[in-house]
Amino acid sequence: MTGPAVTSDWERLLSNIPLPEQNLVGIAAGAVLQRLVRSRLSAPSARVPVLFHAAGLAALGAGGTLVVWAWFAARGVRLATPGVLLTSGPYAFSRNPMYVGWALVHLGIGLMRGNCWILAALPAASAAVHREVLREEERLAGLFGDSYMKYRQGVPRYVGLRMSDPH
């Protein structure tokens, strides 16, 4: 009997990883455009590609770590239909740690590949993710009321910077 329970637990966990289509589309489009119109990050010396690669690897590692940490923090909550407000783990520092992590993964892939197209797609993908975040915030405010408003006042939307958050 442990087989079906384990399977359903893993299915629940795996279904709880929000894959940001915006970033995936930006990465895929960048890869296709690179094949059609080659454009690489320029390198005046042989050391610059190494620095791009190292920075990309750091961003990819940080982003992947953040996504996994957020995923584990949310393991008891169905993110699509949360019954509780997540405020611990990475959610104590960012209201959207998975989105921040995916943006870092996007950046890291672009830098490691030296692909200008993937990097150029990051702002558009981030803007599309931001629109989704705004919709999610409205839904969470409706679900959790004052608890969410207090959380929103104390924890930044993305990282430690407070962008104009009128609510």
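Visitor: What share of the 167 residues in the protein chain do buried residues make up?

Guide: Burial is read from relative accessible area, with buried meaning under 20%, exposed over 50% and partly exposed in between, for a 1.4 Å probe and protein chains only. In this structure, 34% of the 167 residues in the protein chain are buried. The structure is a predicted model, in which local features need pLDDT of at least 70 and side-chain atom pairs count only at pLDDT 80 or more, while totals for chains, interfaces and linings use all residues. Residues are numbered from 1 along each chain as its sequence is written, and side-chain values use heavy atoms, with hydrogens and water left out.

Visitor: At what angle do helix α4 and helix α5 pack?

Guide: An axis is a line fitted to C-alpha atoms, for helices over the stretch in contact, and the angle between N-to-C directions runs from 0 to 180 degrees. Angles under 35 degrees count as roughly parallel, over 145 as roughly antiparallel, 65 to 115 as roughly perpendicular and the rest as oblique. Helix α4 (residues 97-113) packs on helix α5 (residues 116-154) at about 170°, with the axes 10 Å apart, and the two are therefore roughly antiparallel to each other. On the α4 side the contact is made by Y99, A103, H106, L107, I109, G110 and L111, and on the α5 side the residues include L122, A125, V129 and E136. Sorted by class (nonpolar being Ala, Val, Leu, Ile, Met, Phe, Trp, Tyr, Cys and Pro, charged being Asp, Glu, Lys and Arg, and polar the others, Gly among them), the contact of α4 with α5 has 12 nonpolar, two polar and two charged residues.

Visitor: Are α2 and α4 roughly parallel or roughly antiparallel to each other?

Guide: The axes of α2 and α4 cross at roughly 5° and come within 10 Å; these helices are therefore roughly parallel to each other. In α2, N23, G26 and I27 meet W102, A103, H106 and I109 of α4, and this contact divides into four nonpolar, three polar and no charged residues.

Visitor: How much space lies in the largest pocket?

Guide: Rolling a probe the size of a water molecule over the atoms shows where empty space is left. On a 1 Å grid over the protein atoms alone, with a 1.4 Å probe, a pocket is an open set of points with protein on both sides within 12 Å along at least five of seven lines, and lining residues have an atom within 4 Å of a point. The largest pocket here holds about 650 Å³. Of its 31 lining residues, P18, L79, Y99, E136 and R139 are the closest to its centre. The elements that give two or more residues to this lining are α2 (21-36), α4 and α5, and α5 gives the most, with nine residues. By class, the lining has 20 nonpolar, four polar and seven charged residues.

Visitor: Where is the place of P18, and which residues does P18 touch?

Guide: P18 sits in the loop between α1 (2-15) and α2, and with a relative accessible area of 27% P18 is partly exposed. Leaving aside residues up to four places away in sequence, P18 touches L79, M98 and W102. The C-alpha atoms of P18 and A80 are separated by 8.8 Å, although these residues are 62 apart along the chain.

Visitor: Is Q34 buried or exposed, and is A124 buried or exposed?

Guide: Q34 lies in helix α2 and is buried, at a relative accessible area of 5%. Beyond residues up to four places away in sequence, Q34 touches S39, R40, N115 and W117. A124, in helix α5, is exposed at 53%; its C-alpha atom is 8.2 Å from that of Q22, a residue 102 positions apart from A124 along the chain.

Notes. Helices (H or I, at least four residues) and strands (E, at least two) are DSSP runs, numbered from the N terminus. Contact means heavy atoms within 4.5 Å. Grid points are joined across faces, edges and corners, and a volume is the space filled by probe spheres set on the points.
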